Amino acid sequence: MVQARKAVRGSTSGRPIMALFDVLGQRWTMRILWELRDGATNFRALRERCDDVSPTVLNRRLKELRNMDLVSLTDEGYAYTSWGKELSAQLAKLTVWSERWAAR
């Protein structure tokens, strides 16, 4: 599990931003977070939205996101926690920026 203030892949500084970048940089993590932006979804639907990522990888990524308190398993399926919603709002700003950058 990745923890803030601990050394992570590519950084020994222990800065929380580096721990976050480490997790977000793992394959499928950003896609999972992106697909949860419209609300809770069950495992099967999330897997389909993620182009049939392997169940093992999806389970691993969801476990990491749950351990970081970004995603939780609710009665409706996997959904953002309050921390996940806050992160999603920040990522939405990057979406706007990326669209402007691509159109330049």
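**Reading the model**

Reply: Start with a loop residue: Trp28 sits in the loop between helix 1 (16-24) and helix 2 (29-35). Keep in mind that this is a predicted model.

Me: What is the phi of Trp28 near?

Reply: Phi of Trp28 is near 85°. That is a positive value in a residue other than glycine. Asp52 also has a positive phi, near 60°, and is likewise not a glycine. Asp52 lies in the loop between helix 3 (43-49) and helix 4 (55-67).

Me: Is Trp28 buried, partly exposed or exposed?

Reply: Buried means under 20% relative accessible area. Trp28 has 21% relative accessibility, so Trp28 counts as partly exposed. Now take Thr29, in helix 2. Thr29 has 1% relative accessibility and therefore counts as buried. Leaving aside neighbours within four places in sequence, Thr29 is in contact with Val23, Leu24, Arg61 and Leu65.

Me: Let me step back to the whole chain. How many helices and strands does the chain have?

Reply: The chain has 5 helices and 2 strands. Along the sequence, the pattern reads α-α-α-α-β-β-α. Buried residues make up 31% of the 104 residues. Look at the contacts with a separation of 6 or more: residues 24 or more positions apart account for 40% of them.

Me: Which residues of helix 1 are buried?

Reply: In helix 1, the buried residues are Ala19, Asp22, Val23 and Leu24. These buried residues pack against helix 2, helix 4 and helix 5.

Me: How do I read a nonpolar core? Which residues touch the most other members of the largest one?

Reply: The general idea comes first. In soluble globular proteins, nonpolar side chains tend to be buried together. Here the largest nonpolar core has 17 residues. Those that touch the most other members are Ile32, Leu33, Leu36, Leu46, Leu62, Leu65 and Val71. Helix 1, helix 2, helix 4, strand 2 (77-80) and helix 5 each supply at least two residues of this core. Helix 4 gives the most, with 3 residues.

Me: Take Leu46 from that list. Which residues is Leu46 in contact with?

Reply: Set aside the neighbours within four places in sequence. Leu46 is then in contact with Ile32, Glu35, Leu36, Thr41, Leu58 and Leu62.

Me: Now pockets. How are they found, and what volume does the second largest pocket have?

Reply: Rolling a probe the size of a water molecule over the atoms shows where empty space is left. The second largest pocket has a volume of about 170 Å³. Its lining is made of Met30, Arg31, Leu33, Trp34, Arg37, Tyr80, Ser88, Leu91, Ala92, Leu94 and Thr95. By class, that lining has 7 nonpolar, 2 polar and 2 charged residues.

Me: Which helix gives the most to that lining?

Reply: Helix 5 gives the most, with 5 residues. Helix 2 and helix 5 (82-103) each supply at least two residues of the lining.

Me: What about aromatic pairs? How many are there by the count used here?

Reply: A pair of aromatic rings is described by the distance of the centres and the angle of the planes. The count comes to 1 aromatic pair. Trp97 and Trp101 have ring centres 5.9 Å apart and planes at 10°, so the pair is stacked. The cut-off behind that label is planes under 30 degrees apart.

Me: Where do Trp97 and Trp101 sit along helix 5?

Reply: Trp97 and Trp101 are 4 residues apart in helix 5, so about one helical turn separates them. Trp97 has 45% relative accessibility and counts as partly exposed. Trp101 is partly exposed as well, at 46%.

Conventions: Residues are numbered from 1 along each chain as its sequence is written. This is a predicted model: local features need pLDDT of at least 70, side-chain atom pairs count only at pLDDT 80 or more; totals for chains, interfaces and linings use all residues. Side-chain values use heavy atoms; hydrogens and water are left out. Buried means under 20% relative accessible area, exposed over 50%, partly exposed in between (1.4 Å probe, protein chains only). On a 1 Å grid over the protein atoms alone, a cavity is a set of points where a 1.4 Å probe fits but cannot get out, and a pocket is an open set with protein on both sides within 12 Å along at least five of seven lines; lining residues have an atom within 4 Å of a point. Grid points are joined across faces, edges and corners, and a volume is the space filled by probe spheres set on the points. Ala, Val, Leu, Ile, Met, Phe, Trp, Tyr, Cys and Pro count as nonpolar, Asp, Glu, Lys and Arg as charged, and the others, Gly among them, as polar. Contact means heavy atoms within 4.5 Å. A nonpolar core is a set of buried Ala, Val, Leu, Ile, Met, Phe, Trp, Tyr and Cys residues joined through side-chain atoms within 4.5 Å. Rings of Phe, Tyr and Trp (its six-membered ring) pair if their centres lie within 6.5 Å; planes under 30 degrees apart count as stacked, over 60 as edge-to-face and the rest as tilted.
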